[in-house]
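Me: Please take a close look at the pockets of this model. I would like volumes, lining residues and the elements that supply them.

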Amino acid sequence: MLHPLLLPTYLFAVILYYMPSSTLTLPMRVRWIVLAMIFFTTFIIPTAAAFFMVRLGYLDSMEMDKREQRGFPLLFTGICYAATSFLFYREPVYDAIFYFVMGVIAAAIFLAFAISQFWKISAHGIGAGGTLGLLVVLHKLAPGALLIYPIIVAVFLSGAVMSARLALQAHTPEEVYAGFGCGFLLALGASLALY
């Protein structure tokens, strides 16, 4: 339910359905199609690819517990996310917020890929921190959107996810907190390009 691959879908659901209609030019009647496309390109395709990597013996399991096995799935996922961001950028029907948010998420995946070459940073932490950071940025861009409520929910869910990763002993505290910090700072740092 709180898998990192689902975070783009949740974040875009907030953008498409929680933010005031006046902040987006995309008609309400087609927003579900955009959300379905995001779900397909950011969850279905990467999950199917990981499943086939397990079936072909390239991965031991879908959890990718070994740092050495995280590289190719993260790279493939980053390419899927970057392609989605490029699609948003190329098509004039999408507002700039679409490719900005998707671009930050793609950058977070590539960051996880790069760091995973030498250290098992928490992808869950990066996702949680990046999601919270993007919500903070969106709140600053559209203060009338009342994003404070999704931000509060994101804070609690981030804490729950990081606690779960620690309780499962999937990561050390350093890997979890560094992941959260990297994701959060990446989102805030990327927002500087907007000003």
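Reply: The largest pocket has a volume of about 770 Å³. Here a pocket is an open set of points on a 1 Å grid over the protein atoms alone, where a 1.4 Å probe fits, with protein on both sides within 12 Å along at least five of seven lines. Grid points are joined across faces, edges and corners, and the volume is the space filled by probe spheres set on the points. The model is predicted: local features need pLDDT of at least 70, side-chain atom pairs count only at pLDDT 80 or more, and totals for chains, interfaces and linings use all residues. Residues are numbered from 1 along each chain as its sequence is written, and side-chain values use heavy atoms, without hydrogens and water.

Lining residues have an atom within 4 Å of a point. The largest pocket has 37 of them, and His3, Pro4, Leu5, Leu74 and Ala123 are the closest to its centre. At least two lining residues come from each of α1 (7–17), α2 (31–55), α3 (71–90), α4 (96–115) and α5 (123–141), helices being DSSP runs of H or I with at least four residues, numbered from the N terminus. The most come from α5, with seven. The lining comprises 24 nonpolar, eight polar and five charged residues, where Ala, Val, Leu, Ile, Met, Phe, Trp, Tyr, Cys and Pro count as nonpolar, Asp, Glu, Lys and Arg as charged, and the others, Gly among them, as polar.

The second largest pocket holds about 290 Å³. Of its 16 lining residues, Leu7, Tyr10, Thr131, Ala154 and Leu157 lie nearest its centre. Here α1, α5 and α6 (148–167) each supply at least two lining residues, and α6 gives the most, with six. This second lining has 13 nonpolar, three polar and no charged residues.
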